[in-house]
Amino acid sequence: MRILQLSDTHLRGDNKLSFRVVDTKRCLDATVAYLKAMAQKPNIIVLSGDLADSGDLNAYHLLFEAFSALNIPVYALPGNHDRRDRMQTVLQDWCPSDPKVAPHICYTVEKDDLRLIVLDSMHPGSHSGHFFPAVESWLVDELGKRPDVQTLLFMHHPPFSTGLGVMDEPFENQLRFADVVAANPQVRLCFGHMHRPIITQWQGRLCVTAPSAAMQIDLDLSPEGGDTFRMEAPGYLLHHWEKQTLNTHVCQIPTDVTFAGPYPFAGSVNPVGPSA
């Protein structure tokens with residue numbers, strides 16, 4: 001089983017550059033062309049948030065058209081730059097949300113010996129991560145259904161400190177989430193948001209963050225760091241589950257890399273919509 005995790009495409013639907021610099025539509029086209037040419041295609045693709053740059057409706061239509069051509073099951077979750085209502089309108093099949101935890105986009109993908117749990121950590125208008133009581137109750141119930149099965153838990157916002165200055169914002173109800181994670185040794189946590197591959201251990205569990213499929217945050221570990229990006233190689237994570245072994249590979253997408261920057265994250269918003 002090969003699960004390919006793509007994150008932070010930041011696609012715009014108005015033909016403008018994301019953060020006034022990045023042609024994210026061109027990045028998307030390069031990514032899809034690369035996936036089409038893969039000799040060993042993934043069984044599943046997970047898009048771990050910030051699909052759109054500012055929740056633009058047309059961005060989701062462009063994403064749907066691009067990835068539908070691959071004929072690979074796609075699952076998606078929202079990031080702080082997304083709008084839940086528009087995702088669920090356009091990407092309904094990619095967001096099979098459990099109505100018990102609405103409006104949050106949370107659901108489980110069951111395989112024989114592997115589970116994928118998708119958890120919504122977004123709050124409209126906020127840049128940082130959140131763990132709401134309703135999501136907590138849902139997650140505890142879901143994890144309790146098959147506690148002996150290896151589980152990949154996908155969220156957008158990591159709850160741990162990364163050293164990337166301004167990106168290390170408070171994670172609401174972090175201690176409650178930590179208790180749930182610590183009680184479930186079958187879980188590996190997979191995040192987006194950081195625009196860099198980061199591997200760490202938190203609450204005794206392995207955690208990984210995916211690089212962006214567009215631009216990477218500049219590796220500045222000062223208190224002011226984390227607020228600029230460079231045009232490094234776009235990338236993804238490949239979670240490979242075989243013979244009861246789960247490996248996570250950090251991979252790059254071949255493009256013309258310039259390493260230009262650093263550029264500020266300017267010109268996009270954390271949208272507030274009807275799901276606020």
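Q: How do I read the contact where the side chains of Glu110 and Arg146 meet?
A: Start with the general idea: side chains of opposite charge can pair when their charged atoms come close. In this predicted model, Glu110 and Arg146 form a salt bridge, at 2.6 Å from N to O.

Q: Which parts does the Glu110 and Arg146 pair tie together?
A: Glu110 sits in strand 4 (residues 107-110), while Arg146 is in the loop between helix 4 (133-145) and strand 6 (151-154), so the bridge ties together parts that are 36 residues apart in sequence.

Q: What about accessibility, at Glu110 and at Arg146?
A: Glu110 is partly exposed at 38% relative accessibility. Arg146 also counts as partly exposed, with a relative accessible area of 23%.

Q: Which residues are linked with Glu110 in a network?
A: Salt bridges join Glu110, Arg115, Glu142, Lys145 and Arg146 into a network.

Q: Where do Arg176 and Glu136 lie?
A: First the contact: Arg176 and Glu136 make a salt bridge, with the closest N and O atoms 2.9 Å apart. Arg176 belongs to helix 5 (residues 174-182) and Glu136 to helix 4, so this pair ties together parts 40 residues apart in sequence. Arg176 is partly exposed at 45% relative accessibility, whereas Glu136 is buried at 13%.

Q: Is Arg83 buried or exposed?
A: Buried, with a relative accessible area of 14%. Arg83 forms a salt bridge with Asp85, and their closest N and O atoms are 2.7 Å apart. Asp85 is partly exposed at 22%.

Q: How many salt bridges does the structure hold?
A: There are 13.

Key: Residues are numbered from 1 along each chain as its sequence is written. This is a predicted model: local features need pLDDT of at least 70, side-chain atom pairs count only at pLDDT 80 or more; totals for chains, interfaces and linings use all residues. Side-chain values use heavy atoms; hydrogens and water are left out. A salt bridge is a side-chain nitrogen of Lys or Arg within 4 Å of a carboxyl oxygen of Asp or Glu. Buried means under 20% relative accessible area, exposed over 50%, partly exposed in between (1.4 Å probe, protein chains only). Helices (H or I, at least four residues) and strands (E, at least two) are DSSP runs, numbered from the N terminus.
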